[in-house]
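Hi there,

I am passing a structure on to you, and my notes on what turned up in it follow below. Please have a look whenever you get a moment.

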Amino acid sequence: MSAATPARTLVLVKPDGVARGLVGEVISRLEAKGLRLVAVELRTLSRETAEEHYAEHREKPFFGSLVEFITGGPLVALVAEGPRAVEAFRALAGATDPVKAAPGTIRGDFALEVQNNIVHGSDSDESAAREIALFFPHLG
Ligand code: RTP
Ligand code: MG
């Protein structure tokens, strides 16, 4: 990635976050941090897209449940851009397990269960590129 290209990350407000009315809260927090929205879409994932998105977890015991959860209702997919966008959003999201996530983070403030943890954020620039191409092919 050249210095002229700002970093991008793929964020999902997962179905639990949408059902609980937390879309605005998540977008407010990432905009307040200084990240810029590049794309936003409300959609319900197909099983195929969900399995591709979470392919790294295919062998995990929670994979079936995770796919059911993430396809279980509409989610909001968005691309955010800014310096160290991947790391910046992961810091806003907090630890995967919301009970361990620090208060002040999205998961720390709004969730209690490891699966139903409100948001996804890409975990590396490589993952971000793959995930952005999956969700928003015109940006890939
Ligand atoms: P994400 O990919 O959604 O941003 O979350 P993450 O990097 O913090 O966590 P990851 O290890 O990639 O796990 C992906 C998602 O799977 C669900 N999960 N369930 N039942 C379990 O033990 C378990 N562990 C993970 C969570 O929804 C987690 O965010
Ligand atoms: Mg992950």
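**F62 and the other annotated positions**

F62 is exposed, as 12 other C-beta atoms lie within 10 Å of its own. Please keep in mind that this is a predicted model. F62 sits in the loop that links helix 3 (47-53) to helix 4 (63-70). The unreviewed UniProt entry includes F62 under "binding site", together with K14, R90, T96, R107 and N117.

K14, from that UniProt list, is a contrasting case: K14 counts as buried because it has 22 C-beta neighbours inside 10 Å, and 20 or more are needed for that label. You will find K14 in the loop between strand 1 and helix 1 (15-19). Leaving out residues up to four places away in sequence, K14 touches I70, L75, I118, V119 and H120.

That brings us to H120, which the unreviewed UniProt entry lists as "active site". H120 belongs to strand 4 and is buried, with 21 other C-beta atoms within 10 Å. Setting aside neighbours within four places in sequence, H120 is in contact with V11, L12 and K14. As with the other labels from UniProt, the annotation may be inferred rather than shown by experiment.

**Helix 5**

Which residues of helix 5 are buried? In this helix, which covers residues 85-93, they are A85, V86, F89, L92 and A93. They lie on the same side of helix 5, because they cover an arc of only 130° around the axis.

After helix 5 comes G94, which has a positive phi, near 90°.

**The chain as a whole**

The chain contains 7 helices and 4 strands, in the order β-α-α-β-α-α-β-α-α-β-α from the N terminus. Its radius of gyration is 14 Å, close to the 14 Å given by the globule rule for 140 residues, so the chain is as compact as a globular protein of that length. The C-alpha trace spans about 40 × 35 × 25 Å along its principal axes.

Of the 140 residues, 34% are buried. Among contacts with a separation of 6 or more, 70% come from residues 24 or more positions apart.

Enjoy exploring it!

Best wishes

Conventions. Residues numbered from 1 in each chain as written. Chains lettered and ligands numbered in written order. Predicted model: local features only at pLDDT ≥ 70, side-chain atom pairs only at ≥ 80, totals over all residues. Helix = DSSP H or I, 4+ residues; strand = E, 2+ residues; numbered from the N terminus. Arc of directions from axis to C-beta. Contact = placed C-beta atoms within 7 Å. Rg over C-alpha atoms; globule rule 2.2 N^0.38 Å.
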